[in-house]
Amino acid sequence: MFSREMYALGAQPSVIREIFEYGRQRKAAIGKDNVFDFSLGNPSVPAPPVVNETIKRLCDTMEPTVLHGYTSAVGDQGVRQAIADYLNRTHGTAFSAAEFYMTAGAAASLSITFKALSEPGDKLVLLAPFFPEYNVFARAAGMEPVVVKCREDDLQIDFDALDAAFDRNVKAIVVNSPNNPSGVVLSEETVTRLCAFLQEKQAQFGHPVFLISDEPYRELVYGGVRVPFLTKYYDNTIVCYSFSKSLSLPGDRIGYILVPRSADPTGELYKAVCGAGRALGYVCAPSLFQFLVPACLGKTSDISIYQRNRDLLVQAFTEDGFSVAKPDGAFYLFLRSPETDAAAFCERAKQYELLLVPSDSFGFPGYVRICYCVAPEMIERALPAFRKLAQSYGLC
Ligand code: PLP
């Protein structure tokens with residue numbers, strides 16, 4: 001026999017993947033220009049030129065057995081030092097290479113971190129709406145997810161709900177700002193309050209409560225909005241970073257975990273991260289892409305395209321009578337479903353060839369996620385379909 005639990009995960013793909021697959025089939029059937037796929041967060045803007053230039057340079061100049069060989073399990077020392085130097089320059093911190101563990105993207109960063117922290121009976125607080133794979137990674141690590149819904153009006157943290165859900169078995173809480181699926185950036189006020197709350201809980205329970213900052217969208221913010229760098233607000237912060245979205249490299253699988261000394265004075269947590277990486281088979285992140293990182297730190301793909309997409313859609317949705325906020329970051333809009341059942345709304349949207357993701361799996365029913373990391377001309381072509389969808393509900 002084999003694992004029923006793993007079978008269930010494999011046999012039932014995520015809702016997002018299911019819609020994406022439906023889209024592929026539909027495009028094959030009626031032509032790709034006739035389907036408006038807003039389902040998957042696959043960056044549509046190409047990687048900045050420095051990415052390909054550096055890959056070519058590395059291929060031309062580096063010793064192939066080094067470029068394509070194993071690095072040390074935690075990642076190349078020089079690459080990790082370059083990341084530390086960059087963060088220190090940017091945020092006024094004092095990290096060293098020894099606090100970084102290179103990974104195959106944020107999914108690996110999170111899976112390793114959860115596994116490294118997990119002891120029997122531990123709980124992991126997830127703030128809804130959240131990236132649905134957190135549930136999978138948490139359960140695989142043996143942690144029980146505890147869902148706390150954010151405030152409906154602005155999707156900032158609901159501290160009464162958080163307090164009610166928090167008990168001494170909570171080992172960590174995950175924050176994701178800018179957020180998938182809502183695009184919301186946690187305000188500095190929320191961050192400060194959260195950190196004070198966690199300090200209080202640590203004192204009350206007599207053990208550390210970790211703040212895991214999942215930040216693949218850190219650089220994707222618009223209009224000069226600032227994303228607070230959480231290690232500066234709370235000692236027991238662990239950062240799970242990925243270059244998937246900022247550099248448009250999701251298929252190349254590169255990211256890191258930052259375990260700051262402030263969270264790990266003895267170095268034991270870092271060792272647990274190494275152990276979890278080993279146990280999960282995540283040692284030695286892709287070497288070519290590790291060596292690419294130093295030249296790309298602080299660079300992004302052209303995010304002004306996302307900003308224009310966001311503005312275009314928000315304006316059109318508002319004119320159509322939909323209820324939607326204008327978020328500050330990432331490339332997602334969280335639109336309120338005109339009927340209670342968001343899945344039914346998505347089914348109706350399909351009649352107009354619009355592929356949207358219902359919010360139930362994000363732990364926050366009643367909404368749909370719209371990924372706007374798509375070609376601007378697809379948005380232009382999709383607007384009449386959204387108008388018809390709105391008209392079918394009598395919104396305009
Ligand atoms: N965390 C969030 C919030 C995401 O949206 C994603 C991907 O969409 C991930 C983690 C996983 O990122 P990666 O592709 O780097 O594994």
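Modeller: Gly 224 counts as exposed, because its relative accessibility is 74%. Keep in mind that this is a predicted model.

Colleague: What cut-off makes a residue exposed?

Modeller: Exposed means over 50% relative accessible area, and buried means under 20%. Gly 224, at 74%, therefore falls in the exposed class.

Colleague: Where in the fold does Gly 224 lie?

Modeller: Look for the loop between strands β6 (210-214) and β7 (237-242); Gly 224 lies there. Gly 224 and Asp 328 are 104 residues apart along the chain, yet 9.1 Å separates their C-alpha atoms.

Colleague: Is Gly 251 buried or exposed?

Modeller: Exposed, because its relative accessibility is 64%. Gly 251 is found in the loop between β7 and β8 (255-258).

Colleague: Now Asn 176. Is Asn 176 buried or exposed?

Modeller: Buried. Its relative accessible area is 9%, and the buried class needs a value under 20%. Asn 176 belongs to the loop between β5 (170-175) and helix α9 (188-205).

Colleague: Which backbone atoms does the side chain of Asn 176 reach?

Modeller: One is the backbone oxygen of Pro 178, at 3.3 Å. Another is the backbone nitrogen of Asn 180, which lies 2.9 Å from a polar atom of the Asn 176 side chain.

Colleague: Asn 180 again brings us to the ligand. Which residues come nearest to the ligand?

Modeller: Of 15 residues around the ligand, the nearest are Asn 180, Asp 214, Tyr 217, Ser 242 and Arg 253.

Colleague: Which side chains place an N or O atom by a ligand oxygen?

Modeller: The side chain of Asn 180 has an N or O atom 2.7 Å from a ligand oxygen. For Lys 245 the distance is 2.9 Å. For Arg 253 it is 2.7 Å.

Colleague: How much of the ligand does the protein bury?

Modeller: Start from the ligand alone, which exposes 390 Å². The protein buries 91% of that area. As for its place, the ligand sits in the largest pocket.

Colleague: Which helix gives the most to the shell around the ligand?

Modeller: Helix α6, residues 105-117, which supplies four residues.

Colleague: And how many residues of each class are in that shell?

Modeller: Sort them by class. The shell has seven nonpolar residues, five polar ones and three charged ones.

Key
Residues are numbered from 1 along each chain as its sequence is written. This is a predicted model: local features need pLDDT of at least 70, side-chain atom pairs count only at pLDDT 80 or more; totals for chains, interfaces and linings use all residues. Side-chain values use heavy atoms; hydrogens and water are left out. A residue is near a molecule or strand if one of its heavy atoms lies within 4 Å of it. A polar contact is a pair of N or O atoms within 3.5 Å; within protein, one must be able to donate a hydrogen and the other to accept it, and residues adjacent in sequence count only if both atoms are side-chain atoms. Accessible areas come from the Shrake-Rupley method with a 1.4 Å probe; for residues, only the protein chains shown count as cover. On a 1 Å grid over the protein atoms alone, a cavity is a set of points where a 1.4 Å probe fits but cannot get out, and a pocket is an open set with protein on both sides within 12 Å along at least five of seven lines; lining residues have an atom within 4 Å of a point. A molecule sits in a cavity or pocket if more than half of its atoms lie within 2 Å of its grid points. Helices (H or I, at least four residues) and strands (E, at least two) are DSSP runs, numbered from the N terminus. Ala, Val, Leu, Ile, Met, Phe, Trp, Tyr, Cys and Pro count as nonpolar, Asp, Glu, Lys and Arg as charged, and the others, Gly among them, as polar. Buried means under 20% relative accessible area, exposed over 50%, partly exposed in between (1.4 Å probe, protein chains only).
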